[in-house]
Amino acid sequence: MAAQAAVGIGSTLVIPRSNRLFGIHRVYAGSLVLLTVCMCTAAAVPPEGSGFSIVLVAVTGVAYAVLNSSPFEIAELLIRGLQLEARRGKYTGLVASSLPLAQIVVGLFAGVAAVSYTHLTLPTKRIV
């Protein structure tokens, strides 16, 4: 995790230039592909293997840096393009509050999927 954070922080120096050079949408899509490839490859590496899985997880820091910064840049481009500068705070706040939505949805449905696919039974009496 520390290596992932260091790589992510270091990559923030390159993200603006990459966005200008390749386009923000391509950089964003590329980071999703990078994240998927790294995580799938890291899952296939045995835990007792070399430091290869640590390197793969560290490289995902690049993807996380892009995924956490790009929505705000896309929102800013839309705000300027649609001339909504007077409502910048409203739209930026909307983007910021919607970012964790995917994590909430995945968290909700991951439990249902785990129960469905592993045939676990939920407790029938209340715990609280």
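## Basis of the model

The model is predicted, and local features need pLDDT of at least 70, side-chain atom pairs count only at pLDDT 80 or more, and totals for chains, interfaces and linings use all residues. Residues are numbered from 1 along each chain as its sequence is written, and side-chain values use heavy atoms, with hydrogens and water left out.

## The whole chain

The protein chain has six helices and zero strands, where helices (H or I, at least four residues) and strands (E, at least two) are DSSP runs numbered from the N terminus. Of its 128 residues, 22% count as buried; buried means under 20% relative accessible area, exposed over 50%, and partly exposed in between (1.4 Å probe, protein chains only).

## Helix α3

In α3, the residues I24, V27, S31, L35, C38 and A42 are buried. Seen down the axis of α3, these buried residues fall within an arc of 80° (taken from the directions from the helix axis to the C-beta atoms), so they line one face of the helix. The face turned away from the buried side carries exposed residues, among them H25, R26 and V33.

## Residue Q4

Q4, which is found in helix α1 (residues 2-11), is buried, with a relative accessible area of 14%. Not counting residues up to four places away in sequence, Q4 touches V57, A58, T60, G61 and Y64, where contact means heavy atoms within 4.5 Å.
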